[in-house]
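Subject: Structure for you to look through

Dear colleague,

I am handing over the structure that we spoke about, and my notes on what was found in it follow below. Please keep the sequence and the 3D view open while you read.

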Amino acid sequence: MLSKDAQTASGVRPDAIPGGRYEFSSDNTAAICPEAWAELERANRSSHPSYGNDPWTGRAAELIRGVFDTDCDVYLVYSGTAANALALSSICRSHNAILVHENAHASVDECGAPEFFTGGSKLITIAGENAKLQPCAVEAAIAKRNDLHFPKVRALSLTQATELGTVYQPAEVAALSALAHSRGMGVHMDGARFANSVDSTGAHPAEITWKAGVDVLSFGGTKNGIGMSEAVVFFNRELAAEFDFRCKQAGQLASKMRFVAAQWVGLLESGAWLRNAAHANTCARRLAAGLGAIPGISILMPVEANAVFAELPPAVAAKLRGTGWFFYPFIGEHGYRFMCSWSTSPAVIDAFLAEVRAAAGELTR
């Protein structure tokens, strides 16, 4: 069972803790990476056309098509929640249902946005080990109800990397997509940490998206060094019909779109999107190795992307929080999530591990 609490044990919200340390609380806490920041500065030097008619918006779409080596439709939005909800609304209508893992962000952390933007599509959650869906479980969910009194299943949404830091391999995506398509369903991928999954699998981005049957991808930028943008990428371009109107209605059309797009240009032209992901993944492995070597601490999930899930003795967790470190409870009662980002440094990892070892050592004295 997963839990997520934005408060400390004392009930104080993390943004109210003076001098708090948030390096491992989320990859959202990292600053904008230098490559994206530099392109933002260039976009800020003079006046340019508004609403996406600037040079950066077109260039960002061109670069994203290059990443996937295909002629796809690209739309930039502000947040991952908007990307997921609007992408699913391109597949589903109010009488439809969407199959997702029970731990999927779309189900547990988006405040009903998919239901809202689809006009009421029902999210049907499915259990699966390590937060991954299996074809047999998806097949069972599809077959469970097919009558007129139940929403018609229309979409399958996969999270890559998953909420537990695991990664679908290309063959797994292909098998799930083939099953969905055989039942007349569209396939959406929540790729908030897509770059991390590309580094983890070693696969070309095309191999774990459109070549594996994904129809539309929410391509994450925020967790990979961008300040405020995700891309909705339609490999099945028929689904993108009038998507520009959906974005406008949802308040996702930026008047100064160049500042949204410029970040993507900086990230992709420089290759930083893959370097950032590789660095975050490497830091997660370093952190996991260090935590796993401390007596009384166990690693709960395979470390396949930039997340580490570890079980800490309550006294150790309390001591760390008392010294300013913030991290989320996530699995069971004493399982915590530690996220690494493009800006995580080995020095910070080592400093954190030293404090963990000291806190754990106090328990054995």
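Before the details, one term is needed: two strands are said to pair if DSSP finds at least two bridges between them. Please also keep in mind that this is a predicted model. With that term in hand, we can look at strands β6 (residues 216-220) and β7 (residues 230-234), which run antiparallel and are joined by 5 bridges.

As a general point, the strands of a sheet pair through backbone hydrogen bonds, either parallel or antiparallel.

There is also an open sheet of 4 strands, in the order β8-β9-β11-β10, and here the pairing is antiparallel. Its edge strands are β8 and β10 (328-331), and each of them pairs on one side only. Strand β8 (residues 298-299) is joined to β9 by 2 bridges, with serine 298 having glutamate 311 of β9 as its bridge partner. On to the next pair: β9 and strand β11 (residues 335-339) are connected over 5 bridges in the antiparallel sense, and phenylalanine 309 has arginine 337 in β11 as its bridge partner. Is strand β9 largely enclosed by the rest of the structure, or open to the outside? Of the 5 residues of β9 (residues 307-311), 4 are buried, so the strand is largely enclosed by the rest of the structure. Helix α11 (residues 272-292) lies across β8, β9 and β11, and runs at about 15° to β9.

Turning to helix packing, two packed helices are described by the angle between their axes and the distance between the axes. For helix α1 (residues 34-43) and helix α10 (residues 257-269), the axes come within 7 Å and cross at roughly 135°. Angles over 145 degrees would count as roughly antiparallel and those from 65 to 115 as roughly perpendicular, and α1 and α10 are therefore oblique to each other. Their crossing is right-handed. On the α1 side, the residues that meet α10 are Glu35, Ala36, Glu39, Leu40 and Ala43, while α10 contributes Arg258, Phe259, Ala262, Gln263, Val265 and Gly266. Sorted by class, this contact has 6 nonpolar, 2 polar and 3 charged residues.

Finally, two single residues deserve a look. Glutamine 160 is found in the loop between β4 (152-159) and α7 (170-182), and it counts as buried because its relative accessibility is 0%, where the cut-off for buried is under 20%. Leaving aside residues up to four places away in sequence, glutamine 160 touches several others, among them Tyr168, Met189, Asp190, Arg193 and Phe194. Phenylalanine 352, in helix α13 (residues 346-363), is likewise counted as buried, at 1% relative accessibility. With residues up to four places away in sequence again left out, phenylalanine 352 touches Phe24, Leu287, Leu291, Leu320, Trp325 and Phe338. By C-alpha atoms, phenylalanine 352 is 29 Å from alanine 104, and the two are 248 residues apart in sequence.

With best wishes

Methods:
Residues are numbered from 1 along each chain as its sequence is written. This is a predicted model: local features need pLDDT of at least 70, side-chain atom pairs count only at pLDDT 80 or more; totals for chains, interfaces and linings use all residues. Side-chain values use heavy atoms; hydrogens and water are left out. Axes are lines fitted to C-alpha atoms, for helices over the stretch in contact, and angles run from 0 to 180 degrees between N-to-C directions. Angles under 35 degrees count as roughly parallel, over 145 as roughly antiparallel, 65 to 115 as roughly perpendicular and the rest as oblique. A crossing is left-handed if the near helix is turned anticlockwise from the far one by less than a right angle, and right-handed if clockwise. Contact means heavy atoms within 4.5 Å. Ala, Val, Leu, Ile, Met, Phe, Trp, Tyr, Cys and Pro count as nonpolar, Asp, Glu, Lys and Arg as charged, and the others, Gly among them, as polar. Buried means under 20% relative accessible area, exposed over 50%, partly exposed in between (1.4 Å probe, protein chains only).
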